[in-house]
Amino acid sequence: MHGKTIKAKLALDVRDRGLAQNYASRLQTLGFRILSITASGVAFAGSAEQFSGQLTLTISEDARQITGELPADLRGHVESVYIPTEPTYHP
């Protein structure tokens with residue numbers, strides 16, 4: 001998983017685009033790439049090393065789950081941080 005880009009979402013417990021923008025700015029300052037910002041959260045990307053080093057979160061070996069707790073300055077109004085699953089299409 002070393003060097004692999006992990007895409008994740010930070011979901012807020014309130015709908016507030018300004019608050020989401022603040023979280024996006026903080027994540028960007030930590031070196032993460034911002035993919036999108038909505039009133040309900042932020043989609044962002046980074047390496048597993050960034051997640052563990054900057055956010056004290058652990059990415060599972062199969063890159064499907066995030067465990068751990070965000071640093072205190074990023075915890076307010078965050079409902080969850082998760083790796084979205086790819087859609088499955090059935091013919």
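The model is predicted: local features need pLDDT of at least 70, side-chain atom pairs count only at pLDDT 80 or more, and totals for chains, interfaces and linings use all residues. Residues are numbered from 1 along each chain as its sequence is written, and side-chain values use heavy atoms, with hydrogens and water left out.

**Sheet and helices**

Four strands form an open sheet in the order 2-3-1-6, with antiparallel pairing. Strand 2 (33-38) and strand 6 (78-82) are at the edges with a single partner strand each, so one side of each has no neighbour in the sheet. From one strand to the next, the twist averages 20 degrees. Helices (H or I, at least four residues) and strands (E, at least two) are DSSP runs numbered from the N terminus; two strands pair if DSSP finds at least two bridges between them. Strand 1 (residues 5-12) pairs with strand 6 in the antiparallel sense over four bridges, and leucine 10 stands opposite valine 81 in strand 6.

Two helices pack on the sheet, as the table sets out. Contact means heavy atoms within 4.5 Å. Axes are lines fitted to C-alpha atoms, for helices over the stretch in contact, and angles run from 0 to 180 degrees between N-to-C directions.

| Helix 1 (residues 17-29) | strand 1, strand 2, strand 3 (41-47), strand 6 | about 175 degrees with strand 2 |

Arginine 17 belongs to helix 1. Leaving aside residues up to four places away in sequence, arginine 17 touches Ile37, Thr38 and Ala39.

**Salt bridges**

The count is two salt bridges, each defined as a side-chain nitrogen of Lys or Arg within 4 Å of a carboxyl oxygen of Asp or Glu. Arginine 26 forms a salt bridge with aspartate 73, and their closest N and O atoms are 2.6 Å apart. Because arginine 26 lies in helix 1 and aspartate 73 in the loop between strand 5 (66-68) and strand 6, the pair ties together parts 47 residues apart in sequence.

**Largest pocket**

A pocket is an open set of points on a 1 Å grid over the protein atoms alone, where a 1.4 Å probe fits, with protein on both sides within 12 Å along at least five of seven lines; lining residues have an atom within 4 Å of a point. The largest pocket holds about 290 Å³ of space. Its lining includes Lys4, Asp62, Arg64 and Pro87.

Note on methods:
Points joined across faces, edges and corners; volume = space filled by probe spheres on them.
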